[in-house]
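Biologist: I am new to this structure and would like to go through it by question and answer. Please show it before we start.

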Amino acid sequence: MTTKAQSERRQRKTLATVFLLNAALAGGLGVGGVVADSSALLANAVDNASDAAVYLISFLAVGRAGRWKRGAARLSGIMLLIFAVGVVADAVRRWVVGTEPVGGTMMVLALVAAVVNLVCLILVKRQGGKDVNMRAAETFSLNDFASNGGILLAGVLVMLTGQAWPDLAIGVLVAAIALKGGVEILQDARRESDRQGEGR
């Protein structure tokens, strides 16, 4: 087996693992977000669901032509931007109609999610950042891990203040992190196109 084939096999294994972890985490955070009435948890659930979809796309891109990989990376960035807009819209809706998040549930799920996302980040970083899709995967995992810290802080503030604004604020912050990540992925894909040429 050639070095390239071995590298692609490792990439597929890593992407399959982080896909399964993120899909499971999205389901758990989604249920927890509904139970805890938490904008931040729901935002993180949608984020992980979009991540899972992108990891699947990246998995399918392994071993394909550079143009296919750049297209997959662009789709990843666009999905993050769409997610960010949706989360902000939901936060505004909750601010208008009212919400009563449960801080304790937020904290527990944020800790679980942080552990899962840290594992994903370690797995992805082991692959190195030479491939545009693996760099996108690393951006996703790092963004998710940072978001989990914010949700943990929001849960503490909700418990201390008895108010919903920390949950809404972190929900918007999660969206901002996703927005930044989406822009960075699109810029990376553009730079890759400039280096390699879209026709390759």
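Modeller: Asp 37 has a relative accessible area of 28%, so Asp 37 is partly exposed; buried means under 20% relative accessible area, exposed over 50%, and partly exposed in between, with a 1.4 Å probe and protein chains only. This is a predicted model, in which local features need pLDDT of at least 70 and side-chain atom pairs count only at pLDDT 80 or more, while totals for chains, interfaces and linings use all residues. Residues are numbered from 1 along each chain as its sequence is written, and side-chain values use heavy atoms, with hydrogens and water left out.

Biologist: How many helices and how many strands does the protein have?

Modeller: Along the sequence the pattern reads α-α-α-α-α-α. The count is six helices and zero strands.

Biologist: In which element is confidence lowest, and in which is it highest?

Modeller: pLDDT is the predictor's confidence in each residue, from 0 to 100. The mean for the protein is 80, and 90% of its residues reach 70 or more. Where pLDDT is low, the predicted coordinates should not be read in detail. The lowest mean is 77, in α3, and the highest is 89, in α4.

Biologist: What radius of gyration does the protein have, against that of a compact globule?

Modeller: The C-alpha atoms fill a box of roughly 60 × 30 × 20 Å along the principal axes. The radius of gyration is taken over C-alpha atoms, and the globule rule is 2.2 Å times the number of residues to the power 0.38. For 200 residues a compact globule would come near 16 Å, which agrees with the protein's 17 Å.

Biologist: How far apart are the end C-alpha atoms of α1 and of α4?

Modeller: The expected span of a helix is 1.5 Å times one less than its number of residues. The 34 residues of α1 should therefore span 50 Å, and its end C-alpha atoms are 48 Å apart, which agrees. The 23 residues of α4 should span 33 Å, which agrees with a distance between end C-alpha atoms of 32 Å.

Biologist: Which residues does Ala 137 touch, leaving aside neighbours within four places in sequence?

Modeller: Ala 137 is in helix α5, and its relative accessibility of 1% is why it counts as buried. Contact means heavy atoms within 4.5 Å. With those neighbours left aside, Ala 137 is in contact with Leu 15, Tyr 55 and Val 124.

Biologist: Is Asn 44 buried or exposed, and which residues does it touch?

Modeller: Asn 44 lies in helix α2. Its relative accessible area is 0%, so Asn 44 is buried. Not counting residues up to four places away in sequence, Asn 44 touches Leu 29, Ala 113, Asp 144, Ser 147, Asn 148 and Ile 151.

Biologist: How far apart in space are Leu 75 and Ala 189?

Modeller: Leu 75 is in helix α3 and counts as partly exposed because its relative accessibility is 37%. Leu 75 and Ala 189 are 114 residues apart in sequence. From C-alpha to C-alpha, the distance between Leu 75 and Ala 189 is 10.0 Å.

Biologist: What percentage of the protein's residues count as buried?

Modeller: The accessible surface comes to about 9600 Å², of which 67% belongs to carbon and sulfur atoms; such areas come from the Shrake-Rupley method with a 1.4 Å probe, and for residues only the protein chains shown count as cover. Of the 200 residues, the buried share is 45%.

Key: Helices (H or I, at least four residues) and strands (E, at least two) are DSSP runs, numbered from the N terminus.
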